[in-house]
Amino acid sequence: MPEYLEKEVLVLGCGNILLADDGFGFAVIQKLNGMKESNPVLNSDKIGIIDAGTGASHFILSLIDEGTPLKKIIIADIIDYGLEPGRLTKLYAKDLPDIPKYQIDAHDMPLAGMLTDICSKYGVEVVVIGCQYKHMSAPDICMELSDEVAASVDEAAEMVIEELGSWERTQKK
């Protein structure tokens, strides 16, 4: 079993850094990795922080079964809810079927169904820190986030840290 599946919490940054704002998840993971010295919760051996890219999330999630020690999955990714670009929203498993991106992704695999199944079958809490994108460059390559999305990376990282702190407090009870 891969080491990351022995964790109790997985933080996954999803998206494609080559497609402008779709690189949001990667940027959040980079920010979290850079905050490890000042945030002890990020250094817990029970937490895995992973750049899942465009397809790795499916490989990771498809390996979860009834023997999983996972208690929580936190995903940083872009969304399209018609909000102001850069606006952050926290979503839970019950909210995912309403996000077109989670119906079919770049690899034509339904992520929403997989996440809701993991939640209902195995009791794993699923939280998505979603950022409304401004610009998706496909089919063109653009390795820069829009100003609005870039400005929300710090706040998204703090939202992840809050979720981790909440999880940590429940473990101490």
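Accessible areas here come from the Shrake-Rupley method with a 1.4 Å probe, and for residues only the protein chains shown count as cover.

Some ground rules. This is a predicted model, in which local features need pLDDT of at least 70 and side-chain atom pairs count only at pLDDT 80 or more, while totals for chains, interfaces and linings use all residues. Residues are numbered from 1 along each chain as its sequence is written, and side-chain values use heavy atoms, with hydrogens and water left out.

Now the overall layout. The chain has six helices and five strands. Helices (H or I, at least four residues) and strands (E, at least two) are DSSP runs, numbered from the N terminus. Read from the N terminus, the order is β-α-β-α-β-β-α-α-β-α-α. Of the 173 residues, 49% are buried; buried means under 20% relative accessible area, exposed means over 50%, and partly exposed lies in between (1.4 Å probe, protein chains only). A contact means heavy atoms within 4.5 Å. Among contacts between residues at least 6 apart in sequence, 79% join residues at least 24 apart.

The expected span is 1.5 Å times one less than the number of residues. Leu111, Ala112, Met114, Leu115 and Ile118 are the buried residues I would point to in helix 4. After helix 4 comes glycine 123, with a positive phi near 70°. Helix 6, residues 153-172, has 20 residues and reaches 29 Å from first C-alpha to last, close to the expected 28 Å. Its buried residues include Val153, Ala156, Ala157, Val160 and Leu164. An α-helix has 3.6 residues a turn, so residues three or four places apart point the same way.

Now some single residues. Beyond its neighbours within four places in sequence, valine 149 touches Asp21, Phe24, Gly86, Cys131, Gln132, Tyr133 and Lys134. Tyrosine 133 is 16 residues from valine 149 in sequence, and their C-alpha atoms are 6.5 Å apart.

Aspartate 77 sits in strand 3, residues 72-79. Aspartate 77 is buried, because its relative accessible area is 1%.

Serine 137 is in the loop between strand 5 (125-132) and helix 5 (147-151). At 6% relative accessibility, serine 137 is therefore buried. A polar atom of its side chain lies 3.5 Å from the backbone nitrogen of cysteine 142. Leaving aside neighbours within four places, serine 137 is in contact with Leu18, Leu19, Ala20 and Cys142.

Last, isoleucine 17, in the loop between strand 1 (9-14) and helix 1 (24-34). Isoleucine 17 has 34% relative accessibility, so it counts as partly exposed. With Leu18, Ile141 and Met143, Ile17 forms a nonpolar surface patch of about 390 Å² accessible area together. Patch residues have over 30% relative accessible area and no salt bridge; like charges are joined within 9 Å, and nonpolar side chains (Val, Leu, Ile, Met, Phe, Trp, Tyr) within 5 Å. A salt bridge is a side-chain nitrogen of Lys or Arg within 4 Å of a carboxyl oxygen of Asp or Glu.

Methods: A polar contact is a pair of N or O atoms within 3.5 Å; within protein, one must be able to donate a hydrogen and the other to accept it, and residues adjacent in sequence count only if both atoms are side-chain atoms.
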